[in-house]
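I opened this model to look up a few things and kept short notes. The entries follow in the order in which I made them.

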Amino acid sequence: MSDVIIFVEQRGGHTRKVTFELATEARKVADMLGGKAHAVVLGGGAPALAEQLKGYPLDVVHVNDDADVDTYLAEPEVDYVEALARELGSSIVLVPNTMHGRDIGSRVAARLKTGIVADVTDLKLEDGKLVCVAPKLGGAFITSSAFKNTEYGVVTVRPNAFAAEAGGAGATVQPIAKPAGKTYVVKIESHVEEAAAEIGLEEAAVIISGGRGLGSAEPFDSVLKPLAKAFGGAVGATRAVADAGWVPYSMQIGQTGKTVSPRLYIAFGISGAIQHKVGMSTSGTIVAVNTDAGAPIGEFADMLVVANALEVATELTRLVEANRSA
Amino acid sequence: MKIAVTVKIVPDTTAEKKIDAATKRLVRTGMNLVMNPYDEYALEAALRLKEQLGADTTVTVVSMYPENGKETIRRALAMGADDAYLISDAALEGTDAWGTGVVLGAALRKIGFDLIICGGLSDDGTTGAVPGALAEDLGVPGIANVRHIESAQGSLKVQCETDNGYQVVNGPLPALISVTMAVGEPRYPSLKGIMGAKKKPITTFTVAELDVAGAAGAANAKTELLSFAPPAGRGKGQVVKPDDSAQGARVIFDYLKERKLV
């Protein structure tokens, strides 16, 4: 028997869709392992978010609006999750496979002297063992891993891999005690928000991506952004485009950038070099628009349309918007 | 100031990968090996700090590889690192992220450091768990996702990437940071650097010398690989050559409609 703990990444009561995906999957994993599903929500705004999580099939939501979580980097959160895992005993910790989630997950695993399986897209029970399925080497291989020599395990879960479904009998929300005797030294001085997509790339269900074929920085804002907005998605880019300074690196998809698996990926003016492919080849449906019929992206896209990328994007925006208001 | 950079030796992204049926691991022999691209950014950040802080700052490269990886490590020296430590031992085959943190931690305690800089991810495993594991093992502050080092004299002030911007973070030294590629494009080794690298020292540690037998190898790992297989193939899709852009957009729209994606 093992319990399941999800780490909720949040700030000021705002979280991402992946939290609800984790909450839904935690129930399934807890049932497989014969344990309970717990969530840990920390920092300013945590109580409001905990109320929201009641609508998901969890057993217990542990909450503390500890100001140290907002003031100090990562360490307080790690302390809380570690303390809860030790209190529960044998348990599986699920964290989102995001920049912050990976940081928390890797430290919790080290504290518990246990293993971590990253970027997991499926969890199942085989011969009494929890099996974690994860694409590796940019989706070129699919791995199945299990924990051993340990009563704990940490799993970083890829956003968009699991469905988020409200339901359940209503979790108990209860306070979690602040771990005693800790001092923190790495301080967050300020947050700076830059112009970025409203939806994080890793969790966007639709990604509209641009490459060097777009010619300049300008169409990312004037053409791709409106199309992404029509889909309720986010804009991504290739490394060449980020290197050219057309977009910030936070928008780069592929090797040394982000790995995404949206339901729909539309690539405009992207040739499809291996360095880009490894970051997006596990997307649900891939459509590419390129003037070159021989572009490598044609080898793995579901559809390659040989045409002017900007013109097609503009017209497609019109069609999608018209469809929405119809 | 003594800066240490952890470097992983990985198969070249563009090389064809093969899996050993018996061990279920990547066949590394005969493969073109490179420095993990993320670690090149870590090294670049270290070299820029050294240029900024002056001659009494040194950059040491630390790497763990089951076989002899000296050739790959030479590139780091050619880029400008001062010396390198290679933990090279067959017993390391199959060591997981937790074990890697312990092994590198033991080496770094021996070597000494004021600041450790890691790449944020590895190109082959993409677990991204080693920097956190290493900071925990050494008991030093760990700062992840650093995109810019504002200052590193006496204490640290850095910018950490977040999903919608960044946060300014400060903390004491010694510390460990892991960097994103926004820290700056890695330099190419100069001819002078390549010649000079041949004379720079590479020290090798074994598992026994570091006293980390309990963390090394597949037997001590906390995870086990059950299978490693190519996914069901994604075939070549359809190629459409529309008469004009409007028709192209219509073809895409209809296709997405059929798949319930709009």
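Predicted model: local features only at pLDDT ≥ 70, side-chain atom pairs only at ≥ 80, totals over all residues.

Entry 1, domains. I looked up the domain assignment of chain A, whose bounds come from an automatic or database domain assignment; it gives domain 1 (3-175) and domain 2 (201-325). The centres of domain 1 and domain 2 of chain A, taken over C-alpha atoms, are separated by 31 Å. I count two residues as in contact if their C-beta atoms, placed from the backbone, lie within 7 Å. Twelve residues of domain 1 of chain A are in contact with eleven residues of domain 2 of chain A. The side of domain 1 that touches domain 2 has four nonpolar, four polar and four charged residues. Here Ala, Val, Leu, Ile, Met, Phe, Trp, Tyr, Cys and Pro count as nonpolar, Asp, Glu, Lys and Arg as charged, and the others, Gly among them, as polar.

Residues are numbered from 1 along each chain as its sequence is written, and chains are lettered from A and ligands numbered from 1 in the order in which they are written.

The contact takes 75 residues from chain A and 71 residues from chain B. On the side of chain A that touches chain B, helix α5 (residues 99-111) of chain A gives the most, with eight residues. Helices (H or I, at least four residues) and strands (E, at least two) are DSSP runs, numbered from the N terminus. That side of chain A divides into 37 nonpolar, 21 polar and 17 charged residues.

Strand β10 (residues 141-147) of chain A pairs with strand β12 (residues 223-229) of chain B in the antiparallel sense over six bridges; a pair needs at least two bridges found by DSSP. I looked up A:Ser145, and its bridge partner in β12(B) is B:Leu225.

Which residues of α7(B) are buried? They are B:Ser245, B:Gly248, B:Ala249, B:Val251, B:Ile252 and B:Leu256. A residue is buried if 20 or more other C-beta atoms lie within 10 Å of its own, exposed if 12 or fewer, and partly exposed in between, with C-beta atoms placed from the backbone. The face of α7(B) turned away from the buried side carries the exposed residues B:Asp254 and B:Glu258. After α7(B) comes B:Lys260, whose phi is positive, near 55 degrees.
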